[in-house]
Amino acid sequence: MMVGTYDIINQKATVMSLPRDTLVNVRSGSIYTRLNSIYSMYGSGERGREALLREVSELVGFAPDYYVEIDWELVGEMVDAIGGVWFDNPYHMEYYDPYQDLNIYQEKGYRKLTGNDAMQVVRWRHNGRGADGKIIPGGGDGSDLCRLQVQHAFLKAVLQQTLQIQNMFRIGQLIELFNTRVES
């Protein structure tokens, strides 16, 4: 989750991430709830969205005027639509979870990512365990903050490359993707 602000006078935009594991002052039984659970805890849809906006307001100190809900599939589709994204992946990412049907394998380094690669990068949180039971080396520290840093760097690369002149010819395709994957 991210909160964006725009300072009209200084013409400056700022984006702040809210870690999904942030504890909020809402109880589920005897334990406090994490921010990422609020939406579904209140039944999703409009009711869940309103509850989430209330909690975000408590955390940041102001009520957001607008929201944008993005289906994460948009990230991969947008990357494919602009012909891939050059990204310097800061970690070796390797994680396999058959229960979620989630397979992540991304080498560290600078290269052009496809939409599938992009989805792996933004979903990666930490490396899993190898056949020997030990954590696969090369990944970050496994924290939400580490994940957010990778996501911010990646989204910045996507925005920079989307705004390049050659992608202006793809604006219709990008608008169509936004119309199917974004609710606001």
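Trainee: Hi! Is E69 buried, exposed or partly exposed?
Mentor: E69 is partly exposed, with a relative accessible area of 30%. Buried means under 20% relative accessible area, exposed over 50%, and partly exposed in between, using a 1.4 Å probe and protein chains only. Keep in mind that this is a predicted model, where local features need pLDDT of at least 70, side-chain atom pairs count only at pLDDT 80 or more, and totals for chains, interfaces and linings use all residues. Residues are numbered from 1 along each chain as its sequence is written, and side-chain values use heavy atoms, with hydrogens and water left out.

Trainee: Thanks. Which residue forms a salt bridge with E69?
Mentor: R49 does, and the closest N and O atoms are 3.0 Å apart. A salt bridge here is a side-chain nitrogen of Lys or Arg within 4 Å of a carboxyl oxygen of Asp or Glu.

Trainee: How many salt bridges does the structure hold?
Mentor: Eight. One of them joins R181 and D71, whose closest N and O atoms are 2.6 Å apart. R181 is in helix α6 (residues 171–181) and D71 in the loop between β5 and α3, 110 residues apart. Salt bridges that share partners also join D21, R34, R125 and D144 into one network.

Trainee: New topic: at what angle do α4 and α5 cross?
Mentor: Roughly 145 degrees, and the axes of α4 (residues 115–123) and α5 (residues 144–162) come within 8 Å. Axes are lines fitted to C-alpha atoms, for helices over the stretch in contact, and angles run from 0 to 180 degrees between N-to-C directions.

Trainee: Which residues make that contact?
Mentor: A118, V121, V122 and R123 of α4, with R147, V150, Q151 and F154 of α5. Contact means heavy atoms within 4.5 Å.

Trainee: What about G142, where is that?
Mentor: G142 is in the loop between α4 and α5. Not counting residues up to four places away in sequence, G142 touches R125 and H126.

Note on methods: Helices (H or I, at least four residues) and strands (E, at least two) are DSSP runs, numbered from the N terminus.
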